[in-house]
Amino acid sequence: MKAVRSYGLLLIAGFLLAQTSRLMAQQAVVAGEVWPLLKEPDSKAKVDSIIAFAARHRKDDSIDTLFKIGFDLVHRLPYNEAEARLLEAYGVYNRDFSRYALALANHKDSRELARKMGDVRTEIHATNNIGVVYRRLDENGKALTYHMEALRLAEKVGDDYSASISLNSIGNIHIVLGNYNDAIAYFRKSLPIAQKANNMLGMAMNYNNIGEAYEYMGKLDSADSYYKQSLFYNKQINNHKGLAICYNSIGNVLKKQNRVQEAIALFEKAKRITDTLGDGLYSANNYNNLGNAYLLLHQYDQARNMFFDALGIARSIGTMTEIKSAYEGLMKLNETTMHLDSALRYSKLFKQYSDSIVTESNNRHVRQMEAIYDTEKEQARIAFLETTRKNDRIFLFGALVLFLLILTSGILYYLRYRLLERNKRLSQELEIRSQIASDLHDDMGSTLSSIHIFSELLRTSGTNKEELLTKIEANAKDTLDALDDIIWLVKPSNDKFSNLCQHIREYAVPMFQSKNIQFQIDFPESISEIPLPMDTRRNIFLIVKESVNNLVKYSKCTEASIIARNEESVIFFAVKDNGIGFDADKLTDRNGVKNMRSRAQKMNAGIRITTSCGKGTQVEFWVTKEKVGVEG
């Protein structure tokens with residue numbers, strides 16, 4: 001046994017020595033190139049050489065000193081027009097070593113300086129790179145804003161290289177949000193532009209991203225084909241980071257095809273690269289991939305080590321995506337090994353990082369930004385056609401052209417209004433769909449996982465059986481209620497006030513009867529046939545549901561009422577009880593009240609909550625008829 005251990009230690013020492021020797025050799029090469037550069041006389045040409053050298057060797061942390069020399073020269077010479085380019089290169093360098101706060105500051109400073117100097121190309125590069133940093137921090141809404149801005153500028157000046165990067169980045173945002181067909185469409189737009197610009201790195205990235213979208217869609221053969229095309233281009237340009245990404249991607253396909261040992265071989269091959277890059281995002285992803293593969297092989301100690309390594313790296317750089325993946329892996333690992341308390345703890349952490357509100361907000365922001373971009377682009381094209389027509393016919397058909405311009409302006413205004421309304425409805429529908437998908441995946445998935453864990457605890461525990469059964473029953477009832485609400489919400493036949501009123505009755509009456517509360521529910525016939533948008537219907541029901549739930553649980557009332565009134569310009573709702581009330585000054589401390597105010601704000605409704613200790617509570621809110629598509 002001692003001999004085996006000694007042999008193992010020798011192998012490890014040999015590996016570390018080889019790695020150290022390779023790194024020293026790389027640094028020696030870099031140092032050999034730096035020395036002649038440092039000997040150059042101080043000049044603008046020297047600054048340009050530093051920027052070019054930094055772009056070639058941005059993965060080497062020894063060039064930090066070279067940047068400091070460059071900034072000193074820029075201010076001493078002075079060479080103001082190069083400062084934006086130097087800041088841009090420094091931002092990319094810091095991003096590659098996961099120093100995201102510093103990278104953001106560099107890119108933003110570069111962008112402002114480039115604007116002042118009229119350096120449009122550097123402004124585009126900096127704007128795109130701000131978006132890239134925000135994507136790594138999982139702030140996809142902010143990332144999209146900057147990539148859209150960069151795309152507009154790139155198309156305006158004919159910068160194909162930057163346009164392809166913007167399109168690729170927007171596609172990546174769609175992958176994160178689960179819009180895989182949209183993502184593929186953006187990558188396919190980017191690919192020919194990258195080919196035209198002879199941007200082999202862009203081609204490699206687009207092929208890999210298309211493969212990733214197909215992988216998430218379950219089309220593994222297509223995914224594998226695109227990943228291998230990406231691998232080909234990365235080998236052509238000797239892009240180490242790209243090679244690691246491809247090995248991880250192909251390994252994930254092999255893992256899903258139950259070829260786990262082959263997958264681990266590729267993950268380890270990628271790990272040998274990512275361990276030397278200094279880029280924490282790719283290292284964390286690599287460790288998570290290895291953890292999941294070892295878990296499939298029931299090699300639990302190796303899996304646990306990989307997940308904890310991934311978690312440590314992800315926390316240090318602040319990437320929520322990889323933190324969530326590590327928690328998910330640890331949840332599955334502990335559930336498989338019957339460490340159920342730990343499984344439940346990691347389940348809660350996983351759910352915490354799967355916050356549906358972030359995804360919902362990002363999805364809505366993406367759709368709004370795309371709609372604005374498409375509208376502006378179409379208006380610019382039409383304006384160009386109008387100008388050409390006017391120049392061709394101005395002398396012979398001046399009066400006619402003037403008439404056509406007025407008519408066209410009216411049509412465009414009408415079409416633009418229709419387009420904005422359509423995009424608004426689409427955004428609302430996507431918001432609801434995203435919320436439903438997130439509820440099904442996160443809330444119900446987590447609840448069902450909790451039921452499974454409690455069931456296992458019930459099977460193995462000798463005590464607390466009644467408590468565990470109560471928890472299982474409560475979780476199951478919550479799941480059934482949530483599923484019932486979702487089914488009611490998405491049925492097109494439920495789009496009238498009469499259906500909403502019936503659903504409120506079905507929820508409220510059993511609640512009142514369970515507490516022997518005398519109740520009155522009154523909805524006027526005059527509103528029964530009014531059509532109701534899905535999002536408004538959902539928010540009205542949830543406010544009433546929250547109010548009824550609170551009065552049944554806390555008010556100790558004997559009488560309650562739910563009424564609606566059809567007024568001149570609004571539809572008015574009130575939920576009232578004669579219970580003990582509560583301190584109005586502490587309204588903001590109650591989550592239920594916060595939720596009601598938030599839902600009222602989402603549908604531009606007014607809300608008022610009147611209460612005092614011993615005098616009951618009244619929740620009143622009113623929805624404008626314009627909001628539900630009815631004239632006052």
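Trainee: Where is Lys556 found?

Mentor: Lys556 is found in the loop between α22 (534-555) and β2 (559-566), where helices (H or I, at least four residues) and strands (E, at least two) are DSSP runs numbered from the N terminus. Bear in mind that this is a predicted model, in which local features need pLDDT of at least 70 and side-chain atom pairs count only at pLDDT 80 or more, while totals for chains, interfaces and linings use all residues. Residues are numbered from 1 along each chain as its sequence is written, and side-chain values use heavy atoms, with hydrogens and water left out.

With a relative accessible area of 70%, Lys556 is exposed; on this scale buried means under 20%, exposed over 50% and partly exposed in between, with a 1.4 Å probe and protein chains only. The backbone of Lys556 has a phi near 60 degrees, a positive value in a residue other than glycine. Most residues other than glycine have a negative phi, and most peptide bonds are trans. A positive phi is also found at Asn238, near 55 degrees, and Asn238 lies in the loop between α11 (220-236) and α12 (240-256). A further backbone feature is the cis peptide bond that joins Leu77 and Pro78, with omega about -15 degrees, and Pro78 has its place in the loop between α3 and α4.

In one of them, the rings of Phe67 and Tyr90 have their centres 4.8 Å apart and their planes at 45 degrees, so the pair is tilted. Phe67 lies in helix α3 (residues 64-76) and Tyr90 in helix α4 (residues 80-96), so the pair ties together parts that are 23 residues apart in sequence. The rings of Tyr90 and Tyr93, in turn, have centres 5.9 Å apart and planes at 15 degrees, so that pair is stacked. Both of these tyrosines lie in helix α4, three residues apart, about one turn of the helix. Tyr90 is buried at a relative accessible area of 13%, and Tyr93 counts as buried at 1%. Together, Phe67, Phe71, Tyr90, Tyr93 and Phe97 form one aromatic cluster.

Charged residues link other parts of the chain. A salt bridge is a side-chain nitrogen of Lys or Arg within 4 Å of a carboxyl oxygen of Asp or Glu, and by this rule the count comes to 26. The side chains of Arg136 and Asp279 meet in one of these, at 2.8 Å from N to O. Arg136 lies in helix α6 and Asp279 in the loop between α13 (260-277) and α14 (280-296), so this pair ties together parts that are 143 residues apart in sequence. Arg136 is buried, with a relative accessible area of 8%, and Asp279 is buried as well, at 1%. Asp279 also forms a salt bridge with Lys241, the closest N and O atoms being 2.9 Å apart. Because Lys241 lies in helix α12 and Asp279 in the loop between α13 and α14, this pair joins parts that are 38 residues apart in sequence. Both Asp279 and Lys241 are buried.

Salt bridges that share partners join Arg111, Glu112, Arg115, Glu123 and Glu149 into one network. Within this group, the side chains of Glu149 and Arg111 meet in a salt bridge at 2.9 Å, N to O. That pair links distant parts of the chain, with Glu149 in helix α7 (residues 140-157) and Arg111 in helix α5 (residues 100-117), 38 residues apart. Glu149 and Arg111 are both buried. Glu123 has its place in helix α6 (residues 120-136) and, at 10% relative accessibility, counts as buried. Not counting residues up to four places away in sequence, Glu123 touches Arg111, Ala114, Arg115, Glu149 and Leu153, contact meaning heavy atoms within 4.5 Å.

Conventions:
Phe/Tyr/Trp six-rings, centres within 6.5 Å; stacked < 30°, edge-to-face > 60°.
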